[in-house]
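Thanks for asking me to look this one over.

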Amino acid sequence: MTTATTEQAATPSRDPVFDELGFPTDPDNLYTQTCATMLGAAELLNLKHRVRIILAQPKNEIMVHFPVRMDDGHHQLFKGYRIQHNNILGPYKGGFRYHEDVHLDDVKSLAMLMTMKCALTRLPLGGGKGGVKVNPRTLSEGELQRVTRRYCSAIADQIGPEVDIPAPDVGTNAQIMAWFADTYMMSNPHAHQSGLAVVTGKPLEFGGSAGREKATGQGVADVLKEMLPGIGIGIEGMTVSLLGFGNVNSWGGRILQDMGAKIIAVMDHTGGLRNDHGIDMHALAEHAARTGGVKGFGADNGSQSGRLITHGGDAISEEDFYRTPVDVFIPGALEQMIKAQQAGWLDCKVMAEAANAPCDPSGDRALSSKGVEIIPAILANAGGVTVSYFEWLQNKTSQSWDAQKVDEELNRHMCVAARRTLAARARYGCDLRTAAFAAALEHIGAVYNLRGIFP
Ligand code: NAD
């Protein structure tokens with residue numbers, strides 16, 4: 001039997017809701033991929049049809065075009081999106097990204113994942129996501145600020161601390177959140193100070209929360225610590241590979257190393273590294289911050305002084321990176337990077353999805369058929385939105401939590417979400433991804449039952 005035939009045989013049948021809503025048939029479309037997972041879980045718990053069709057499409061799809069004066073004096077038109085998927089549990093919540101490949105369906109998919117993530121962690125928030133089609137590395141600081149301010153003012157009427165609360169994502173950062181908050185606050189003089197809570201992921205000095213920068217990586221580590229013993233893997237001495245070494249994985253890598261794990265392979269957009277003795281995450285994070293990537297952190301960077309050992313790694317190809325045998329593989333780069341070929345190369349027991357939707361459907365099926373335990377993104381990377389929620393709470397109550405309180409509360413939320421997912425797996429006899437969606441949908445379905453459908 002050929003691989004293609006195996007994959008076809010394993011392809012789930014098309015959910016009738018797709019035909020009812022006129023969805024195109026495109027196996028590579030990220031939105032239909034996410035929606036199929038949601039509908040598969042909905043079927044397991046017999047979710048009401050009306051809730052399925054509501055969740056199968058976002059409530060609002062906002063698309064904006066805005067001009068920005070560039071440094072050379074000419075004006076360039078930019079395209080931006082804000083997708084508001086669902087707000088049954090609370091204001092829409094989710095990041096916005098600056099990337100040249102931002103597409104409507106990808107943003108819709110990420111917004112749906114936010115709805116599921118907030119419901120799984122029982123945060124009183126809905127799901128949203130945004131983006132501007134631009135490569136931020138091509139902009140000067142002044143241009144980046146003007147793009148941010150114009151994007152904010154283009155969607156300002158449709159967001160707000162009680163309506164929709166954006167946050168950072170790929171290509172955006174705390175400084176961008178500060179410009180975004182300032183623009184919103186200056187445009188709403190009657191709600192000037194309360195406008196601070198319009199966005200999270202702000203700098204600490206300007207309404208940000210302790211622990212937000214490392215939150216997603218910390219959450220990945222918290223979930224692994226909670227779940228790995230049940231899979232027969234101890235954190236101490238376990239081997240790990242990291243795909244992507246940006247905000248999420250550079251923090252996750254450092255935290256896991258400090259917990260006793262050995263990170264033996266790393267790959268980002270600049271190249272791959274391997275060292276079976278372990279690559280020093282703290283030194284690599286400094287190197288990546290200085291040089292823009294992991295490339296060049298060679299094995300000769302290794303040094304030992306007293307008990308302190310730092311290790312670089314040998315440069316490796318993409319294929320060698322994926323083929324490195326590890327206990328845990330953590331994708332923390334972009335969506336759909338792991339296709340059937342990469343999945344075929346992977347040699348790991350567990351994949352913890354730090355990135356959203358890191359596999360395409362063929363990659364997902366290939367990993368499942370190899371028996372890899374997949375800890376899904378809506379659980380594994382929920383630490384970011386959880387600490388964003390803490391920031392929003394602090395802004396609304398004029399409080400400032402210390403790092404210890406943030407860490408403790410984050411750990412509590414992540415552990416409960418992990419146990420809820422395991423309980424759903426036992427209840428429905430399914431894989432962890434379907435179980436996490438099912439646990440989220442149980443909550444959303446219960447609230448729809450209580451509230452009914454207006455009017
Ligand atoms: P980031 O921009 O800081 O890092 C992205 C990383 O991906 C970089 O290391 C980059 O080199 C790498 N990358 C890009 N293209 C690559 C390629 N072709 N091959 C290998 N590596 C490549 O982004 P981030 O904030 O760390 O987010 C990473 C993922 O985690 C995204 O999917 C994001 O949506 C998700 N996520 C982020 C947060 C958060 O709080 N930042 C929260 C939840 C989910």
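1. Let's begin with a detail: which side chain has a polar atom 3.1 Å from the backbone oxygen of Q33? That would be the side chain of T37. Bear in mind throughout that this is a predicted model.

2. To place T37, look at helix α3, which covers residues 30–44. Setting aside residues up to four places away in sequence, T37 touches R433 and F437.

3. Now step back to the whole protein. Its secondary structure amounts to 17 helices and 15 strands. The radius of gyration is 22 Å, close to the 23 Å that the globule rule gives for 455 residues, so the protein is as compact as a globular protein of that length.

4. How much of the protein is buried? Of the 455 residues, 56% count as such. The accessible surface comes to about 19,000 Å², and carbon and sulfur atoms account for 51% of that.

5. A word on contacts across the chain. Take those between residues at least 6 apart in sequence: 67% of them join residues at least 24 apart.

6. You'll find G130 in strand β5, residues 127–133. Is G130 buried or exposed? G130 counts as buried because its relative accessibility is 1%, and the cut-off for buried is under 20%.

7. Staying with G130, check F96: the two residues are 34 apart along the chain, yet their C-alpha atoms are separated by 4.1 Å. F96 is also among the residues G130 touches once those up to four places away in sequence are left out.

8. With a relative accessible area of 1%, S388 is buried.

9. What does the side chain of S388 make a polar contact with? Its partner is the side chain of R212, at 3.1 Å. R212 also turns up in the contact list of S388, together with K93, A167 and T200, when neighbours within four places in sequence are left aside.

10. Last, the charges. The protein carries 43 positive and 50 negative side chains. The centres of these two sets lie 5 Å apart.

How values were computed. Residues are numbered from 1 along each chain as its sequence is written. This is a predicted model: local features need pLDDT of at least 70, side-chain atom pairs count only at pLDDT 80 or more; totals for chains, interfaces and linings use all residues. Side-chain values use heavy atoms; hydrogens and water are left out. Buried means under 20% relative accessible area, exposed over 50%, partly exposed in between (1.4 Å probe, protein chains only). A polar contact is a pair of N or O atoms within 3.5 Å; within protein, one must be able to donate a hydrogen and the other to accept it, and residues adjacent in sequence count only if both atoms are side-chain atoms. Contact means heavy atoms within 4.5 Å. Helices (H or I, at least four residues) and strands (E, at least two) are DSSP runs, numbered from the N terminus. The radius of gyration is taken over C-alpha atoms; the globule rule is 2.2 Å times the number of residues to the power 0.38. Accessible areas come from the Shrake-Rupley method with a 1.4 Å probe; for residues, only the protein chains shown count as cover. Lys and Arg count as positive and Asp and Glu as negative; His and the chain ends are not counted. The place of a charge is taken as NZ of Lys, CZ of Arg, CG of Asp or CD of Glu.
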